[in-house]
Amino acid sequence: MRETDCFNFHDFRRLAERRLPGPIFDYIDGAADDELTYRRNTESFENVDLVPNVLRGVEDVDLSVTVMGQKLALPVYCSPTALQRLFHHDGEHAVGAAAAKFGTMFGVSSLGTVSLEAIRAACDTPQVYQFYFHKDRGLNSAMMQRARDAGINVMMLTVDSITGGNRERDLRTGFSIPFRLTLAGMLQFAIKPAWGINYLTHEKFRLPQLDRHVDMGGGAMSISRYFTEMLDPSMDWDDVAGMVREWGGPFCLKGVMSVEDARRAIDIGCTGIVLSNHGGRQLDGSRTGFDQLAEIVDAVGDRIDVMMDGGVQRGSHVLKALSVGAKAVGLGRYYLFPLAAAGRSGVERALGLMRAELVRDMKLMGCRSVDQLSRANLRWR
Ligand SMILES: Cc1cc2nc3c(=O)[nH]c(=O)nc-3n(C[C@H](O)[C@H](O)[C@H](O)COP(=O)(O)O)c2cc1C
């Protein structure tokens with residue numbers, strides 16, 4: 001199986017599974033507890049049917065949207081994800097370049113493996129910095145200043161990770177940074193030597209957003225200790241209001257799910273919210289972004305940009321979310337499996353397939369531009 005054999009999410013997932021050592025594949029593919037929310041994320045799109053209009057003169061289709069002040073050529077963006085150079089040695093370089101090629105936005109995680117400055121210099125497209133809130137307020141300010149100096153367009157604070165999710169696949173394999181593999185986990189690496197050779201022959205693995213501030217070397221600090229010791233579980237709305245003021249530009253909360261919280265996000269001056277359950281990796285049993293979308297759009301959609309992510313695998317999923325009222329839709333595993341399978345060209349192929357699906361489905365729906373999509377085109381089962 002090669003990249004050119006991949007025509008959809010499932011093909012890329014299968015190819016990624018062949019290329020990656022089991023513990024790394026499971027880190028991407030896995031989710032919290034019984035993975036109920038993870039499965040539900042994609043299933044929830046099946047509760048809604050599209051009702052097309054015909055004979056609307058759809059020769060040209062414009063997929064562009066404007067979200068949080070950023071003009072995007074596509075209504076999808078690459079949501080920030082951790083540790084990308086573990087999945088493919090080009091990591092964020094590959095994702096940023098592919099996003100730029102398709103004229104869309106991408107996020108760099110606090111747990112990113114390429115520095116936000118390096119990616120900013122290489123990729124001329126809107127860039128999000130995904131932030132975690134630290135106990136040390138000086139550190140928060142220093143990181144925001146660094147992001148400002150680098151020319152980051154949007155600050156995205158993740159608010160659904162106040163404590164780590166229970167990812168049992170990772171417990172079984174021993175996946176952690178630094179690696180603390182179980183014997184079974186080690187064997188999984190031994191049977192995928194190509195990954196190991198690549199890992200060892202490319203630039204050393206680092207977490208450059210953090211390594212000026214956190215000593216991850218020599219086992220001094222692990223990611224799980226970073227979460228428990230350095231991040232601040234007492235973070236509240238006043239803290240975030242202070243951050244929004246200090247940033248002074250587009251500011252977005254990722255992981256808001258209730259109407260009450262969406263209203264508070266407006267009150268403290270946020271520009272956007274992403275309805276998200278972190279790809280099912282945090283609170284299992286929580287509602288999906290898509291299921292919750294109509295309620296939030298009806299309550300606040302005219303006052304803040306509402307986005308969603310989770311389970312998006314097809315252009316038709318995106319059209320359903322846009323029809324309900326999302327301003328843009330985030331992709332996670334949709335681009336991570338192609339990254340793992342084939343690096344930059346894999347991500348480009350996946351985004352190309354998504355763009356082709358969106359154009360085709362817009363034409364079949366009788367829509368020339370995203371603003372022609374509405375709930376009139378939807379029926380709930
Ligand atoms: C392997 C992996 C790592 C992730 N790392 C982060 C992260 O560092 N910060 C963050 O806010 N979200 C992170 N996410 C969540 C994504 O940004 C996004 O919300 C989620 O993947 C969407 O669900 P999907 O994968 O079904 O598209 C991660 C998701 C995955 C799968």
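This briefing describes the surroundings of a ligand, the aromatic pairs and several single residues in one protein structure. The structure is a predicted model, in which local features need pLDDT of at least 70 and side-chain atom pairs count only at pLDDT 80 or more, while totals for chains, interfaces and linings use all residues. Residues are numbered from 1 along each chain as its sequence is written, and side-chain values use heavy atoms, with hydrogens and water left out.

**The ligand and its shell**

- Of the 21 residues around the ligand, those that come nearest are Ser 79, Pro 80, Ser 109, Thr 158 and Gly 311, where a residue is near a molecule if one of its heavy atoms lies within 4 Å of it.
- The residues of this shell divide into six nonpolar, eleven polar and four charged; in this scheme Ala, Val, Leu, Ile, Met, Phe, Trp, Tyr, Cys and Pro count as nonpolar, Asp, Glu, Lys and Arg as charged, and the others, Gly among them, as polar.
- Helix H2 (22-29) and helix H16 (333-365) each supply at least two residues of the shell; helices (H or I, at least four residues) and strands (E, at least two) are DSSP runs, numbered from the N terminus.
- A polar side-chain atom of Lys 254 lies 2.9 Å from a nitrogen atom of the ligand, and a polar side-chain atom of Ser 276 lies 3.5 Å from one of the ligand's oxygen atoms.
- From Gly 332 a backbone N or O atom lies 3.0 Å from an oxygen atom of the ligand.
- Taken alone, the ligand exposes 600 Å², and the protein buries 98% of that; accessible areas come from the Shrake-Rupley method with a 1.4 Å probe, and for residues only the protein chains shown count as cover.

**Thr 158, one of the shell residues**

- Thr 158 is found in strand E7 (residues 154-158), and at 4% relative accessibility Thr 158 counts as buried, a word that means under 20% relative accessible area, with exposed for over 50% and partly exposed in between (1.4 Å probe, protein chains only).
- The side chain of Thr 158 makes a polar contact with the side chain of Gln 130, at 3.0 Å; a polar contact is a pair of N or O atoms within 3.5 Å, and within protein one must be able to donate a hydrogen and the other to accept it, while residues adjacent in sequence count only if both atoms are side-chain atoms.
- Leaving aside its neighbours within four places in sequence, Thr 158 is in contact (heavy atoms within 4.5 Å) with Gln 130, Phe 131, Tyr 132, Met 235, Lys 254 and His 278.

**Helix H2 and the aromatic pairs**

- Eight of the eight residues of H2 are buried, so this helix is largely enclosed by the rest of the structure; among them are Phe 25, Asp 26 and Tyr 27.
- A search of the whole structure finds eleven aromatic pairs; rings of Phe, Tyr and Trp (its six-membered ring) pair if their centres lie within 6.5 Å, and planes under 30 degrees apart count as stacked, over 60 as edge-to-face and the rest as tilted.
- The rings of Tyr 27 and Phe 87 have centres 6.2 Å apart and planes at 35°, so this pair is tilted.
- Tyr 27 lies in helix H2 and Phe 87 in helix H4 (residues 84-87), so the pair ties together parts that are 60 residues apart in sequence.
- Tyr 27 is buried at 12% relative accessibility, and Phe 87 is buried at 3%.
- The rings of Tyr 27 and Phe 175 have centres 4.5 Å apart and planes at 15°, so that pair is stacked.
- Elsewhere, ring pairs link Phe 189, Trp 195, Tyr 199 and Phe 205 into a cluster.

**Met 308**

- Met 308 is found in strand E10 (residues 305-309) and counts as buried at 0% relative accessibility.
- Met 308 and Phe 290 are 18 residues apart in sequence and 6.8 Å apart in space, C-alpha to C-alpha.
- Leaving aside its neighbours within four places in sequence, Met 308 has contacts including Phe 45, Val 274, Leu 293 and Val 329.

**Two residues with positive phi**

- Glu 35, in the loop between H2 and helix H3 (36-43), has a phi near 60°, a positive value in a residue other than glycine, and Glu 35 is buried, with a relative accessible area of 12%.
- His 278, in the loop between strand E9 (272-275) and helix H14 (289-300), has a positive phi of about 65° although it is not a glycine, and His 278 is buried, with a relative accessible area of 16%.
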